Amino acid sequence: MVNTLIIAEMHEGKVRKSTHSAIHFARQLGVPFSILVLGPGSKAAAAEVTGFGAQKVLVADDASLANGLAEVVTPTIAQTAKSGGYDVVVVTASSFGKDIAPRIAAKLGAGYASDISGVKNESGKITYRRPVFAGNAYGICHITTPIQVVSVRQSEFSAAEPTGGSSPIESVQVAAQDPAVARVSFVSMETAKSERPDLGEARVIVAGGRAVKEQFSALLDPLANLLSAAVGASRAACDAGYASPELQVGQTGRVVAPQLYIAIGISGAIQHLAGMKSSKTIVAINKDPDAPIFQVADYGLVADLFQAVPELTAELKKHA
Amino acid sequence: MKILVPLKRVADPDNANKVKVNAGKLETTGLEWKPNPFDEYAVETALRLTENGANPKARLGEVVVVTFGAKDTETTLRSALATGADRAIRVDSTDDKLDGDLVARALKALVEKEKPDLVLCGKQAVDGDSNQVAQLLAEYLGWPQATFAGTIKSEDDKSLLVGREVDGGTIHLRVTLPAVVSVDLRIVAPKSVKSKHTADSHAYPDGVRFAALMAIMAAKKKPLVEVKLADLTSDVALKIAYTSFELPPARKAGIKVKSVSELVEKLKSEAKVL
């Protein structure tokens, strides 16, 4: 019997939408699942995930679990997994999930597979599919330990829809602190406030490369506004200071798979492709006809972006 | 400060020869090898923390590099020694007999012997892309961790102030040493690492340093020892097993459009995404 425990990701007192991808994964596994919500305010936040068909929504509403530090949350997650007899522990492959998942695995003596893009459950024998070599190949693997820990890709498991019903909410015990907790402290978090959708959740992403230069905002923002899109960037654009690092898409940065990805002045280095090539429709605008980005683009436009992008914005305005 | 840096040899991701899949198996013949880029950033970070940037030749700490592999992976260690690392250890094994968990357990034993103040890892190897050794090692040691570091400031080598690059921003953590830190690519920007030995105004060249020819020669004389995996851990069972590999689903061949209006037309009527 496989029983799955999903670790919800909290942000400012709410459950992050990335958690819905882990729920989608658990549904594909086709086994009962529960959701664990940790941190101050999790009792209230738990109500956000009671309509997804979980057996239970577990809460550890305790001030000591604030900020989601790996050393702090791991003992309670591991204790909950053990005492509840869960054999698959799931996080979303966000920076939060990837930070904590290996620690949970080590505490449980479990194997950990990251960035899962597919799963098969053949009468309890679970195999996972995960990208390797920056997505140039996929490995089919299984975890050999009784308890398994996985992180699942938000770009491959779309957000689960609620199914109705009302999962019971239960409190779980907060575990004793690890000694390591005394040697780590949260200092601050800097977030770029933006009215735009999150890169992981956006239906459309408008992304710029180094070729956009200082025109990054001036050129991309009107197009993004028109399409209610998130704005992304290549490493080169971030390194050159044209775009802020949290916009980076790729091996460093976010892995995304929107319905429409518009790559503007992006050459298409393998590290960038690793973060966006699962997008449904890819458009590339670049003046170099040999740029590697055209190899993954559904629609390529060889043009000077400084002319093509304002023209595209104007054209879409006409249709809006 | 004494720093241990684990290094992995990977297929050069920028080489035209990419990994191939043949009958469900990965084919690695003909690939060019190089140190994992994120591990090279970890070596650069370790060097910056153990020198005065204005006079990098004088070593003010110790950087020990370690790799897991057969004899031929020693070139990876020698290249790190040539850029300034002080000493190297090769744990004799091969990639097919290792996974992240086994490497972390072996590293734990090595850390207990070497007693470094800090273990600096690349955030992931660009072959397996697993992103787990640093976190596993920290838990096995009972040490604090700071993953995906984009900035590190040493506070008198007693604690580190680390800027972690996370989704949507940066989290600043303070970890008291000994600790495990994994680095992301912006750690090698000119002012990302502040050591106790270097003036805050000092700016490094962007990226990792290259070895001078003299240094490459000198690196051949630096200590490099071999350790048996069995001397570090008796449990060599793997927790993750790969049964086969496959190529990513092929994307339907794209088309070139001639104009912006044709592009908009296709996106509307063909792709139906507008």
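## First stop: a covered helix

Start with H4(A), which is mostly covered: 14 of its 14 residues are buried. Buried here means 20 or more other C-beta atoms within 10 Å of a residue's own, exposed means 12 or fewer, and partly exposed is in between, with C-beta atoms placed from the backbone. Keep in mind that this is a predicted model, where local features need pLDDT of at least 70 and side-chain atom pairs count only at pLDDT 80 or more, while totals for chains, interfaces and linings use all residues. To find your way, residues are numbered from 1 along each chain as its sequence is written, and chains are lettered from A and ligands numbered from 1 in the order in which they are written.

Select residues 95–108 of chain A to see H4(A) lying across S6, S7 and S11, at about 175° to S11(A). Helices (H or I, at least four residues) and strands (E, at least two) are DSSP runs numbered from the N terminus. Angles run from 0 to 180 degrees between N-to-C directions, with axes fitted to C-alpha atoms, for helices over the stretch in contact.

Now click Ala101(A): H4(A) bends there by about 25°, and Pro102(A) follows within four residues. That bend is the angle between axes fitted to the seven residues ending there and the seven starting there.

Show the strands of chain A. Seven of them make an open, parallel sheet, ordered S7-S11-S6-S1-S4-S5-S12. Strands pair if DSSP finds at least two bridges between them. S7 (111–116) and S12 (169–171) of chain A are at the edges with a single partner strand each, so one side of each has no neighbour in the sheet. On average, neighbouring strands are turned by 25° against each other, direction ignored.

Zoom in on S7(A) and S11(A) (residues 148–152), joined by four bridges. Gly111(A) has Gln148(A) as its bridge partner.

Which loop holds Lys213(A)? The one between S14 (204–208) and H5 (216–226) of chain A. Phi of Lys213(A) is positive, near 55°, and the residue is partly exposed, with 15 C-beta neighbours inside 10 Å.

Hop to chain B for Asn131(B), in the loop between S10 (118–122) and H4 (133–141). Its phi is also positive, near 55°, but Asn131(B) is buried, with 26 other C-beta atoms within 10 Å.

Finish at Leu177(B) and Pro178(B), joined by a cis peptide bond with omega about 5°. Pro178(B) sits in the loop between S13 (169–176) and S14 (179–183) of chain B.

Technical notes: Two residues are in contact if their C-beta atoms, placed from the backbone, lie within 7 Å.
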